[in-house]
Amino acid sequence: MKAFRISRYLLFTGVCLLVMFNHGLLAAENALNSFPERIVLNITQTPHNSQAITWKTRETSTYPRVQVIRAAELLNPESTSKIFSARTTAVDLDKKTTAYHHSVVLGSLEPNTLYAYRVGDDSCWSEWNQFRTASNISEPFTFLYFGDIQEQVHSMCSQIFRVALQTHPESKFWLFAGDMVNNGPDDMEWEKFFNALGWIPRTVPFVLLPGNHEYPDRRFILPKDYHITNLWRPHFTLPENGPKGLEETVFSFDYQGVCFIMLNGNEQIETQAGWLEKILSHNKQPWIIVAIHQPVYSISKRRNRTQFQEILVPIFDQFSVDLVLQGHDHGYCRTFPLKNHLQVPDGKKGTVYVISNAGPKFYPPSSRYDHLMAKTGSREMLFQSVRVDKNTLHYTTRTVTNKVYDTFEIHK
Ligand SMILES: [Fe+2]
């Protein structure tokens with residue numbers, strides 16, 4: 001009888017422990033599902049007084065929001081923070097899985113001010129992170145530019161991001177010229193992209209434009225189905241001042257004396273050309289930098305997109321665009337300053353076109369436009385720093401082992 005009582009006691013204790021263990025597991029899983037992931041600072045049209053923030057949770061959130069405060073006041077118990085409510089987009093990843101993407105644009109911020117922020121809801125908050133708004137006047141600054149990442153994003157490209165951050169912790173934002181992943185509609189590829197980046201996009205604003213790999217492959221679909229991946233807009237909240245239907249893939253913003261223009265080389269280039277002319281005819285910034293994924297003067301043996309030369313170059317020439325940042329060809333090149341498809345004489349104003357590549361996928365460069373090139377190369381994972389001050393633009397390309405690969409200056 002005594003043995004029976006002991007066994008009953010042990011059985012009861014076992015059941016209790018199992019229930020408690022399961023409850024703990026469930027609580028842990030719930031916490032994980034509402035934990036903010038893929039937090040990104042996105043550039044806005046007015047980076048001196050606003051900041052867009054996006055993040056993802058695996059479960060729906062009751063009151064997703066951002067809490068923001070001047071960083072210097074975070075530890076002061078008497079200071080008050082502001083709350084900004086988020087807009088949520090649910091994205092079905094497959095029949096069983098839905099992702100919840102949250103988006104906030106913080107407005108009425110002070111220029112050149114360090115802020116602390118966190119994202120989350122009642123059940124779970126991120127850590128506090130920091131960002132600094134742009135200055136509202138022309139002031140020297142540095143930004144980084146990355147060509148295609150696309151393949152071995154997690155295993156190999158993590159290196160280039162870490163070397164870039166260690167070399168240029170002062171960079172104000174990072175600009176990605178498309179093909180951040182190989183298959184844009186595959187959420188696992190974006191998971192690897194964000195894993196490779198770690199906490200960097202939480203504290204450095206990102207500027208992104210789509211490459212062809214953020215679109216479906218034209219060879220396998222009908223023209224009516226050719227749209228940017230439905231993961232693009234939920235992941236990023238970018239300026240909406242582009243042509244109708246191309247918002248957040250075509251946009252412009254001013255940053256401390258530079259007019260930046262992001263173009264979408266995948267579709268409706270004539271529409272973009274009209275928009276570009278309008279933006280540039282109203283531009284008041286002394287420097288103009290354009291980015292587009294597909295290059296104007298291709299260095300790929302299999303490609304030569306002369307349509308961009310016919311449509312875009314006359315506008316770049318008319319408005320004296322200083323620099324065009326491109327990707328797509330999985331190699332490196334930098335042209336001499338060009339006008340009307342020719343090298344300009346020494347001392348004359350022209351546009352410099354560069355193509356770069358961040359990841360480990362390489363194509364051999366073609367010699368088609370060698371007469372326009374100051375440098376060509378391939379088989380290097382690269383990143384670029386661009387420092388702009390009042391009279392000079394300083395451009396440096398570095399390898400993944402942090403060796404200077406190319407450098408030049410443009411003078412006003
Ligand atoms: Fe591409």
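These legends walk you through several close-up views of one predicted model.

The model is predicted, so local features need pLDDT of at least 70 and side-chain atom pairs count only at pLDDT 80 or more, while totals for chains, interfaces and linings use all residues. Residues are numbered from 1 along each chain as its sequence is written, and side-chain values use heavy atoms, with hydrogens and water left out.

**View 1. Two domains make up the chain.**
Let's start with the overall division: domain 1 covers 37-132 and domain 2 covers 141-411 (the bounds come from an automatic or database domain assignment). Taken over C-alpha atoms, the domain centres are 27 Å apart. Where the two meet, 25 residues of domain 1 are in contact with 27 residues of domain 2; here contact means heavy atoms within 4.5 Å. Residues 36-133 are 0% helix and 50% strand, with end C-alpha atoms 23 Å apart. Residues 142-332 are 29% helix and 16% strand, with end C-alpha atoms 21 Å apart. Helices (H or I, at least four residues) and strands (E, at least two) are DSSP runs, numbered from the N terminus.

**View 2. Four residues hold the iron ion.**
Which residues are the protein donors of the iron ion? They are Asp179 (OD), Asn212 (OD1), His293 (NE2) and His328 (ND1), lying 2.1 to 2.2 Å from the ion. Donors are N, O and S atoms within 2.8 Å of the metal (3.2 Å for Na, K and Ca); water is not among the atoms, so sites may look incomplete. In sequence, the spacing of these donor residues reads D-x32-N-x80-H-x34-H. Asn212 sits in the loop between β11 (206-208) and α5 (232-235), and His293 in the loop between β14 (287-291) and α7 (306-311), so this pair ties together parts that are 81 residues apart in sequence. The four donor atoms subtend angles of 88 to 170° around the iron ion, which makes the arrangement irregular. For four donors, tetrahedral needs all angles between 85 and 135 degrees; four count as square planar and six as octahedral if opposite donors are over 155 degrees apart and all others between 65 and 115; anything else is irregular.

His293 is buried, with a value of 0%. Buried means under 20% relative accessible area, exposed over 50%, and partly exposed in between (1.4 Å probe, protein chains only).

The largest nonpolar core has 68 residues, and Phe161, Trp174, Phe176, Phe193 and Phe260 touch the most other members. Helix α2 (residues 157-167) gives the most to this core, with six residues. A nonpolar core is a set of buried Ala, Val, Leu, Ile, Met, Phe, Trp, Tyr and Cys residues joined through side-chain atoms within 4.5 Å. A second, separate core of 31 residues includes Val250, Leu312, Phe316 and Val324.

**View 3. Helix α2 and its partners.**
Among the buried residues of α2 are Cys157, Ile160, Phe161 and Leu165. The buried residues of this helix pack against β9 (141-146), β10 (174-176), α3 (187-197), α4 (200-203), β21 (382-388) and β22. Phe161 turns up again beside Phe193, whose contacts, leaving aside neighbours within four places in sequence, also include Ile149, Val153 and Leu208.

**View 4. Two loop residues with positive phi.**
Most residues other than glycine have a negative phi. His330, however, has a phi near 50°; this residue is in the loop between β15 (323-326) and β16 (332-335), and is buried at 2% relative accessibility. Asn402 has a phi near 65° and belongs to the loop between β22 (392-399) and β23 (404-411), where Asn402 counts as partly exposed at 33%.
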